[in-house]
Amino acid sequence: MASIVAASAFSSIIASTPFLTPSSSSLFLKTLTLRPSLPSNRLSFTSQPLRHHMARATLGLTHPSNTEPHKVSFAAKEVDVAEWKGDLLAVAVTEKDAAKNGESRFENAILSALDSKLGGLLGQASSEEDFTGKLGQSTVLRIASGLGSKRVALLGLGVSASTAAAFKSLGEAVAAAAKSAQGGHVAVALASHDGLSAAAKLSTASAIASGTVLGTFEDNRYKTESKKSALKSVDIIGLGTGPEVEKKLKYAGDLSSGVVFGRELVNSPANVLTPGVLAEEASKIASSYSDVFTAKILDAEQCKELKMGSYLGVAAASANPPHFIHLCYKPPSGPVNVKLALVGKGLTFDSGGYNIKTGPGCLIELMKFDMGGSAAVLGAAKALGQIKPLGVEVHFIVAACENMISGTGMRPGDIVTASNGKTIEVNNTDAEGRLTLADALVYACNQGAEKIVDLATLTGACIIALGSSIAGVFTPSDDLAKEVFDASEASGEKLWRLPLEESYWESMKSGVADMVNTGGRPGSAITAALFLKQFVDEKVQWMHIDMAGPVWNEKQRCATGFGVATLVEWVLRNAS
């Protein structure tokens, strides 16, 4: 007879965050409330209404719907999987776990016990469907009797699974299986977990929970009809119970809310998410977590006073004015031991300017995602506002604007002057992101940041080099590289370090200014990083992440939320 030793859980909203759009008359501001009276120490995340009125209407009269937040609770339990009662029991299986003996019976103890309860049907179904535990394989069996669950799903993990990315993918597979089965109450267990250390069990539970949340999320704010997920609860079995796993599950919830927020920002079209609306969203983070955040939004005149000619040159052609966003996180108590800055490229739409994007592969229809760096930075801010790490001060900086075409716009051949006094000959108006980042990086250094990470959908060259799953990393600091790569390993996001080849700077020299804004096609991701380096104080540790590839999931036609998890992990590793 099995018994529940303990349960720890988080409940995560898997829903859209209505934006402060000019045409919306109301929005819902998510607030997080711990309700100790709930059973099993469950954390409840609730939504409270907040009214907001704005006068202007958006182009196309489009605004996101105020959908009801969907909640899924997660609990860590120790029970006999054969006795667990619910709609779907998902068992994660490696190729070794799926192996059978000479009598065609599972050798794995958990699978063998389940198969015995089902009179051999599980083994028979796996053989008929050629399920061998390969990565991505799955088989689902509808059960009439024998187990407490109505269905059993076997989900393939491949040869082995030990990384955060692998277990996040498992969580996504659980979400897909639950959706297919229309299951409301689901459990997930590993066929083999005895070899995992206590720390590995905690990180595995967290990764599974995060993957399930993100796998369940669908951005339906701009659809007139959408089907709600039936999933209500997920029990994670066999990975421990108690306050430590409860803390990890809450962290997974906080982190996932930041990733979802980042996805929503990138998914929103440019006629809704203008630079002003992006600034409103940033301000909302500061007001939601006012105990640790302050917000400063600079308009064009204030940016002019700071001599941000490079940024303002990009913004000059648009009817939507620029907004320079600066959020500052300070811990709720204790000293500050290190100051960090996260800088995100914030082009809410990039037409290319006079060097307009044309022809196959230019991706102009997707240039709403050119603010993906800012989405990662603000998503991280949202998560950290809930986590509240000690010992670290973090500046979140976005130079938000549009790159458009008009008589007031920047022309090829113009020379702009950045806020550090350096002059730039604009030989291509479609290399605009680096111009905005130049002033943002100078500003970050002026805040006293000791370490700066900037993220940008900067170059198509990085997509050609690394594909759609891996971001390129450039930094002169080996120490910072180690910190961020350790964080990315924990987050499950893929990075690859590329060289800062100084000899390539020769192609960036101008005859009439300090530099041009783009060199030739060869090594153009490298020369873009070398350009940004000109605007960072030599005493500051700096990293540039080119996330042009992984910002977007082409298969699903939506944003990934890339960068949020790695940034949060990196900040926490710098915290005391």
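Residues are called buried under 20% relative accessible area, exposed over 50% and partly exposed in between, with a 1.4 Å probe and protein chains only. The model is predicted: local features need pLDDT of at least 70, side-chain atom pairs count only at pLDDT 80 or more, and totals for chains, interfaces and linings use all residues. Residues are numbered from 1 along each chain as its sequence is written, and side-chain values use heavy atoms, with hydrogens and water left out.

The protein chain has 576 residues, and 56% of them count as buried. Its secondary structure comes to 14 helices and 22 strands. Helices (H or I, at least four residues) and strands (E, at least two) are DSSP runs, numbered from the N terminus. A contact means heavy atoms within 4.5 Å. Among contacts with a separation of 6 or more, 79% join residues 24 or more positions apart.

Helix α2 covers residues 121-128, and its buried residues are Leu-122, Gly-123, Ala-125 and Ser-126. Seen down the axis of α2, these residues fall within an arc of 165°, so they line one face of the helix. The arc is that of the directions from the helix axis to the C-beta atoms. Elements covering the buried residues of α2 include α1 (109-117), β6 (138-142) and β7 (149-158).

Asp-130 is not a glycine, yet has a positive phi of about 55°. Asp-130 is exposed, with a relative accessible area of 54%. A positive phi, of about 60°, is also found at Arg-557, again not a glycine. Arg-557 lies in the loop between β21 (552-553) and β22 (558-559). Its relative accessible area is 46%, so Arg-557 is partly exposed.

Two packed helices are described by the angle between their axes and the distance between the axes. Helix α4 (residues 198-216) packs on helix α5 (residues 243-267) at an angle of about 35°, and the axes lie 9 Å apart. Axes are lines fitted to C-alpha atoms, for helices over the stretch in contact, and angles run from 0 to 180 degrees between N-to-C directions. The crossing of α4 and α5 is right-handed. On the α4 side, the contact is made by Leu-202, Ala-205, Ser-206, Ala-209, Ser-210, Val-213 and Leu-214. Residues of α5 in this contact include Val-245, Leu-249, Tyr-251, Ala-252, Val-259 and Arg-263. A crossing is right-handed if the near helix is turned clockwise from the far one by less than a right angle, and left-handed if anticlockwise.

Asn-267 is also found in helix α5. At 10% relative accessibility, Asn-267 counts as buried. Neighbours within four places in sequence aside, Asn-267 is in contact with Asp-219, Arg-221, Lys-368, Trp-552, Cys-558 and Ala-559. Arg-221 is 46 residues from Asn-267 in sequence, and their C-alpha atoms are 9.8 Å apart. Leu-273 is placed in the loop between α5 and α6 (275-288). Leu-273 is buried, with a relative accessible area of 2%.

Helix α12 has 14 residues (residues 478-491), which should span 20 Å at 1.5 Å a residue; its end C-alpha atoms are 20 Å apart, which agrees. The expected span is 1.5 Å times one less than the number of residues. In α12, Leu-480, Ala-481, Val-484, Ala-487, Ser-488 and Ser-491 are buried. They cover an arc of only 135° around the axis, which puts them on the same side of α12. Asp-478, Asp-479, Lys-482 and Glu-489 are exposed on the other side of α12. The buried residues of α12 pack against α3 (164-181), β16 (451-456), β18 (494-497), β20 (541-546) and α14 (564-574). Just after α12, Gly-492 takes a positive phi of about 85°.

Helix α13 (residues 524-533) is mostly covered, with nine of its 10 residues buried. Among them are Ile-526, Leu-530, Phe-531 and Leu-532.

An unreviewed UniProt entry lists residues 428-435 under "domain: Cytosol aminopeptidase". UniProt positions follow the numbering used here, feature names are shortened, and annotations may be inferred rather than shown by experiment. The end C-alpha atoms of residues 428-435 lie 11 Å apart, and the span is 38% helix and 0% strand.
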